[in-house]
Amino acid sequence: MVEELVGVVAAVGAGALVYLAAAARVVKQYERGVVFRLGRLHGDVRRPGFNLVVPAVDRMRKVNLQIVTMPIPAQEGITRDNVTVRVDAVVYFKVVDPAAAVVNVEDYRFAVSQMAQTSLRSIIGKSELDDLLSNREKLNQGLELMIDSPAVEWGVTIDRVEIKDVSLPDTMKRSMARQAEADRERRARLINADAEYQASKKLAQAAHQMADTPSALQLRLLQTVMAVAAEKNSTLVLPIPVELLRFLERGQQPAAQTPGHAEAAEQAELAEGAVERREQAEDAMEQLRRAVEQ
């Protein structure tokens with residue numbers, strides 16, 4: 001009798017162990033468990049730790065709540081300014097409602113991937129090339145909103161979207177390189193012109209200063225002579241004082257302004273011209289005579 005009782009207890013214990021093994025479920029810290037009883041959603045989402053379900057009746061599906069990094073394949077499109085580009089991006093998202101992620105959509109990863117590709121092509125068509133290259137932050141925000149709107153119904157939230165790379169045709173790259181080179185050349189010319197303008201202003205100020213103090217001009221002349229002499233060459237510098245040139249110029253002005261002198265000079269020039277014309281005529285007659293004799 002005792003042996004039969006021990007056997008029954010052992011059998012019950014073994015059955016309990018088998019039942020416990022079949023009903024036990026362990027949910028990790030970054031997971032949540034969604035239980036279906038006879039095909040229907042049952043109870044609340046199971047928390048991390050040890051959980052029990054009814055074998056052959058309940059089925060638990062675990063959902064990962066970690067942030068998922070999903071690359072978006074490169075999408076080719078035409079921008080608003082008619083430039084063909086290839087753009088790829090990356091999406092960061094996570095599940096916030098495990099029950100909705102399991103019930104409302106068949107595969108939330110595939111759904112987010114397809115929505116991201118469609119939204120990326122739409123962004124390419126609405127944007128210009130300059131925006132894709134320099135204003136990516138605004139495009140990232142717009143792309144995030146486009147993906148996040150339908151993803152809310154799937155129990156998924158979009159953490160962020162980043163455009164990784166924009167591939168341009170070779171012809172467009174060469175055109176942009178020429179444009180950048182022309183822009184740099186334009187800025188270099190503007191800088192040189194501004195430098196010349198500033199230098200001319202400084203030289204004008206220096207000229208006014210030297211005009212007020214003639215000794216400064218002499219000192220500058222001596223400095224120039226010393227600079228030329230420092231170079232080991234055969235150049236000979238003979239500085240002529242500016243005052244001497246001015247003295248000679250003042251000496252010529254009265255003679256040129258005297259009326260009698262001007263008339264005499266004019267008559268002398270006329271006489272010289274008449275003599276030259278007469279000599280030319282005589283030479284021509286002499287050549288003609290010689291030609292006739294021959």
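Q: Which residue takes a positive phi in the hairpin of β2 and β3?
A: This is a predicted model: local features need pLDDT of at least 70, side-chain atom pairs count only at pLDDT 80 or more, and totals for chains, interfaces and linings use all residues. Strands are DSSP runs (E, at least two residues; helices are H or I, at least four), numbered from the N terminus. The hairpin has two residues between its strands. The residue with a positive phi, near 55°, is L38.

Q: Which residue of β3 stands opposite R37?
A: Residues are numbered from 1 along each chain as its sequence is written, and side-chain values use heavy atoms, with hydrogens and water left out. Strand β3 covers residues 40-41 and runs antiparallel to β2, joined by two bridges. Opposite R37 stands R40.

Q: How many bridges pair β2 with β5?
A: Two strands count as paired if DSSP finds at least two bridges between them. β5 spans residues 58-64 and is antiparallel to β2. The number of bridges between β2 and β5 is seven.

Q: Which strands stand at the edges of the sheet?
A: The open sheet has three strands in antiparallel pairing, in the order β3-β2-β5. An edge strand has a single partner, so one side of it is left without a neighbour in the sheet. The edge strands are β3 and β5.

Q: How many residues of β2 are buried?
A: Buried means under 20% relative accessible area, exposed over 50%, and partly exposed in between (1.4 Å probe, protein chains only). Strand β2 has seven residues, 31-37, and is mostly covered. Its buried residues number six.

Q: What is the distance between the closest N and O atoms of R160 and E162?
A: A salt bridge needs a side-chain nitrogen of Lys or Arg within 4 Å of a carboxyl oxygen of Asp or Glu. R160 is partly exposed at 40% relative accessible area, and E162 is partly exposed at 22%. Their closest N and O atoms are apart by 2.4 Å.

Q: Which helix holds both R187 and D183?
A: These side chains meet in a salt bridge of 3.3 Å, N to O. R187 has a relative accessible area of 43% and D183 has 30%. The two lie four residues apart, about one turn of the helix, in α6.

Q: Is R189 buried or exposed?
A: R189 forms a salt bridge with E185, the closest N and O atoms being 3.0 Å apart. Both lie in helix α6, four residues apart. E185 is partly exposed at 42%. At 59% relative accessibility, R189 counts as exposed.

Q: What is the accessible area of the nonpolar patch of L20, V26, F50 and L52?
A: Patch residues have over 30% relative accessible area and no salt bridge; nonpolar side chains (Val, Leu, Ile, Met, Phe, Trp, Tyr) are joined within 5 Å, like charges within 9 Å. F50 sits in strand β4, residues 49-52, and is exposed at 53%. Areas come from the Shrake-Rupley method with a 1.4 Å probe, and for residues only the protein chains shown count as cover. Together the four residues have about 390 Å².
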